[in-house]
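Welcome! Take a moment to turn the model around before reading on, and keep the sequence at hand.

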Amino acid sequence: MFKFNFCFVFLSLFFIKTTAQTTDLSIVIEAQNTSNTAISQVSIYQDFQYIITIINSGNAVNNATFSQSLNPNVTYINALSFNNIGGASVVNDFNFVNNTVTGTIATMPSNSSVQIKVLVKAPPFPGGIASNAIVFAPDGTSDTNSSNNTSIISIDITDLAIDFT
């Protein structure tokens, strides 16, 4: 009897289908001046902000993470989380290491979103800079559409306008 029960249990394990949790996270990054207007360029030394929007269009998840790589020539000032919609929690554990801002969204129900404002100062010289943001599903959860998990933006840094009049 023991051999039969053991074989039955052992063989039954082959027929159990395990399904990993799925979701659909996405991320969008935008550059704004400190008056909250979208921009494509700033002057040298000017403060500006990146607005990152993280959206969950799939199943609810806990502990999704994000990272934003900043150009090494900008000066990081701070980050804050705001505008959490649909039950999403704000990000409270920002870290800034090696020109990268990271954080965790504790709760993201289905059809929820949260925004993150990263305030920076433009470099002291003109040129172009880029930043990319990535959202990651928690361990054990697969994202059904990973093509929208990365967002990249580039802006121009210009010299200060000089008025000779």
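Helices (H or I, at least four residues) and strands (E, at least two) are DSSP runs, numbered from the N terminus. Along the sequence the pattern reads α-β-β-β-β-β-β-β-β-β-β-β-β.

A word on what you are looking at: this is a predicted model, in which local features need pLDDT of at least 70 and side-chain atom pairs count only at pLDDT 80 or more, while totals for chains, interfaces and linings use all residues. Residues are numbered from 1 along each chain as its sequence is written, and side-chain values use heavy atoms, with hydrogens and water left out.

Let us begin with how the strands are arranged. Two strands pair if DSSP finds at least two bridges between them. Four strands build an open sheet with antiparallel pairing, in the order E2-E4-E9-E6. Strand E2 (25-32) and strand E6 (75-85) each have a single partner strand, so one side of each has no neighbour in the sheet. On average, neighbouring strands here are turned by 20° against each other, direction ignored; the axes behind such angles are lines fitted to C-alpha atoms, for helices over the stretch in contact, and angles run from 0 to 180 degrees between N-to-C directions. Within this sheet, eight bridges connect E2 to strand E4 (residues 47-56) in the antiparallel sense. One example to look for is serine 26, whose bridge partner in E4 is isoleucine 55.

Now find the other open sheet, where six strands follow the order E3-E12-E10-E5-E8-E7 with mixed pairing. At its edges are strand E3 (41-43) and E7, each pairing on one side only. The twist from one strand to the next averages 25°. E10 and E12 run antiparallel and are joined by eight bridges; glycine 127, for instance, has isoleucine 157 in E12 as its bridge partner. Strand E5 (residues 61-69) and strand E8 (residues 100-108) are also antiparallel, again with eight bridges.

Which residue of E8 is the bridge partner of glutamine 68? It is valine 101, and phenylalanine 96 has valine 101 as its bridge partner in E8 too. Strand E7 (residues 95-97) pairs with E8 in the antiparallel sense over three bridges. The hairpin of E7 and E8 has two residues between the strands, and asparagine 98 takes a positive phi near 50° there.

Next, look inside. A residue is called buried at under 20% relative accessible area, exposed at over 50%, and partly exposed in between (1.4 Å probe, protein chains only). Of the 165 residues of the protein chain, 37% count as buried. A nonpolar core is a set of buried Ala, Val, Leu, Ile, Met, Phe, Trp, Tyr and Cys residues joined through side-chain atoms within 4.5 Å. The largest one has 33 residues, and those with the most contacts inside it are Phe48, Tyr50, Ile52, Ile54, Phe66, Val118 and Ile155. The elements giving two or more residues to this core are E2, E4, E5, E8, strand E9 (112-121), strand E10 (127-136) and strand E12 (150-158).

Contact means heavy atoms within 4.5 Å. Leaving out residues up to four places away in sequence, tyrosine 50 touches a list of residues including Ile29, Leu70, Val118 and Ile153. Isoleucine 29 belongs to strand E2 and is buried, with 7% relative accessibility. Beyond four places in sequence, the contacts of isoleucine 29 include Tyr50, Ala133 and Ile152. Isoleucine 29 and isoleucine 152 are 123 residues apart in sequence, yet 6.8 Å apart in space, C-alpha to C-alpha. For the protein chain, residues 24 or more positions apart account for 79% of the contacts with a separation of 6 or more.

Finally, there is a charged pair to find. Side chains of opposite charge can pair when their charged atoms come close. A salt bridge is a side-chain nitrogen of Lys or Arg within 4 Å of a carboxyl oxygen of Asp or Glu, and the structure holds one. The partners are aspartate 47 and lysine 121, at 2.9 Å from N to O. Because aspartate 47 lies in strand E4 and lysine 121 in strand E9, the pair ties together parts that are 74 residues apart in sequence. Aspartate 47 is partly exposed, at 29% relative accessible area, and lysine 121 is partly exposed at 28%.
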